[in-house]
Amino acid sequence: MHPLRLVRGLAVAVLALALHSPCHAQVPAEFYKGRTIDLYIGTSVGGGYDAYARMLSRHMGRYIPGNPTLVPKNMEGGGGMRLANFLYNAAPKDGTQFGTINRGTGFEPLFGNKNAQFEAVKFNWLGSTNNEVSVCVAWHTIGTTKYEELLSKELVDGASGPAADTYQFPKIANGVLGTKFKIITGYPGGNDIDLAMERGEVQGRCGWSWTSVKATHPTWLPQKRISILFQMGLSKHPDLSEVPLIMDLARNDEERTIFKVIFGRQVMAWPFLAPPGVPRERAEALRRAFFETMRDRDFLAEAAKGNFEVRPVPGEELQRLVQEIYDTPAAVVRKTAQLLQ
C-alpha cells in the first residue's frame, strides 16, 4: 500500500476509535443524564454544613444539564480534612462527586498542617451558600458592652479547641490588637459554650456566626442578654452596620493582611468544592447550577423555614480568594501561625 494511503487510513481509524470510545468527551447534558452525583459532607449529621448540603441536594439537580440525582453522604473527620484529602486524592475526577468542608480546612496547608494532603488552589471551588460574619459577644452580667473595653478589661471566653474559630479568632485579636480575651477551651460545641455563659462559667463567646446567633437565640440581643463587641469578616453584615468590623481596627497593612488570612474563610462560610481535574465544561456546569439553586424559590423557602441565611458567593470569587490568600508573603504567614500558638 502507498505510504500516504496507509497514513490516511491509520488517521481515520484513530479518529473513529476516539469518537466511539467511552472516554470521548461528552457535553454535560449527555454525561449527567440518568446519573447520580455523590454530595459528600465533611461533618456529621445535624449541624449547619450538613443542613446546607442536604437542602442543596434536594434542588440543585434541576439546574445541572441532564438533571442528575444528588445523594448526600457524610464523611466526617478532622473538621473536613478527611473529605478534602479524599476529594483531592481518591475521588473520581469526572464531576460525579463533590462536597462541603469546614471553612478553614482549605487553608491548613498554608500553616504547615502535614495531615492536609492537598493543594487548595487546584480544587474546583463551586461556591458558598453564605458570606458569613462572626461576632464576639459579652454576657450581660459582666458589664462589658464595647470593643474598647477589651483593651483593658479581661473577658473569659469559651472555646472548643485550637482549630476552631472560637479559639483562633480571639487569639488573633489578642495578638494583633491587644485585646484581653482569656480563652477557656474544651467545650464540645457552641451550645455548650452558650450554656456556660448562662451558668457564669465564661463571660462571652467569640467567633460565633451571626447566622447562628439569630437562629438559635433570637431573643438574646433584643432582651439585652448579650452585647456585640465587634464583628469578624472581610466586610460588615447588613444587620450590624453600627458594630465595629475587625478589618477596620487594623492599624497598618501587615495587620490587615493577617486579618485577611484568618477571616477570609468567612467569605467561604459554607464552601462547596469539586476535585481537581474535572473537565472544564462539567466544572462550569456545576458552578452555574450551584448559583442558580441559590436563587431558586423552593430552596430559599426551605432555607428561610430553617432560619438559614443565604447570601451566596460564586465559585469564581472563591477561587480568586483562595489564590490570593495562598499568595500571602511567607513572613506574614509565619507570623500569623505564631500568633495562633
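Mentor: Helices (H or I, at least four residues) and strands (E, at least two) are DSSP runs, numbered from the N terminus. The model is predicted, so to speak of local features a pLDDT of at least 70 is needed, side-chain atom pairs count only at pLDDT 80 or more, and totals for chains, interfaces and linings use all residues. Residues are numbered from 1 along each chain as its sequence is written, and side-chain values use heavy atoms, with hydrogens and water left out.

Trainee: How many helices and strands does the protein chain have?

Mentor: The protein chain has 13 helices and 11 strands. Its C-alpha trace spans about 95 × 45 × 30 Å along the principal axes.

Trainee: Where does N67 lie?

Mentor: N67 is in the loop between α3 (48–59) and β2 (69–74). Its phi is near 50 degrees, a positive value in a residue other than glycine.

Trainee: Which loop holds N307, and is N307 buried, partly exposed or exposed?

Mentor: The general idea is relative accessible area: buried means under 20%, exposed over 50%, and partly exposed in between, with a 1.4 Å probe and protein chains only. N307 is in the loop between α11 (297–305) and β11 (313–314). It counts as partly exposed because its relative accessibility is 48%. N307 also has a positive phi, about 60 degrees, although it is not a glycine.

Trainee: What percentage of the protein chain is buried?

Mentor: Of the 341 residues in the protein chain, 50% are buried.

Trainee: How do I read a nonpolar core, and which residues have the most contacts inside the largest one?

Mentor: A nonpolar core is a set of buried Ala, Val, Leu, Ile, Met, Phe, Trp, Tyr and Cys residues joined through side-chain atoms within 4.5 Å. The largest one here has 30 residues, and I172, F181, F230, M232, F259 and F263 have the most contacts inside it. Elements giving two or more residues to this core include β5 (134–139), α5 (165–177), β9 (226–232) and α9 (253–263). The largest share, six residues, comes from α5. Another core lies apart from it, with 27 residues, among them I41, F272, V278 and A289.

Trainee: Which residues does F263 touch, leaving aside its neighbours within four places in sequence?

Mentor: Contact means heavy atoms within 4.5 Å. With those neighbours left aside, F263 is in contact with F169, I172, M232, G233, L234 and I246. For the protein chain, take the contacts between residues at least 6 apart in sequence: 79% of them join residues at least 24 apart.

Trainee: Is E255 buried or exposed, and what does its side chain reach?

Mentor: E255 is in helix α9. It counts as buried because its relative accessible area is 10%. A polar contact is a pair of N or O atoms within 3.5 Å; within protein, one must be able to donate a hydrogen and the other to accept it, and residues adjacent in sequence count only if both atoms are side-chain atoms. Here the side chain of E255 reaches the backbone nitrogen of R251 at 2.7 Å. Leaving aside neighbours within four places in sequence, E255 is in contact with V176 and A250.

Trainee: Which backbone atom does the side chain of N85 reach?

Mentor: The side chain of N85 reaches the backbone oxygen of N115 at 2.9 Å. N85 is in helix α4 (residues 81–89), and it is buried, with a relative accessible area of 17%. Beyond its neighbours within four places in sequence, its contacts are A90, N115, A116, Q117 and F118.
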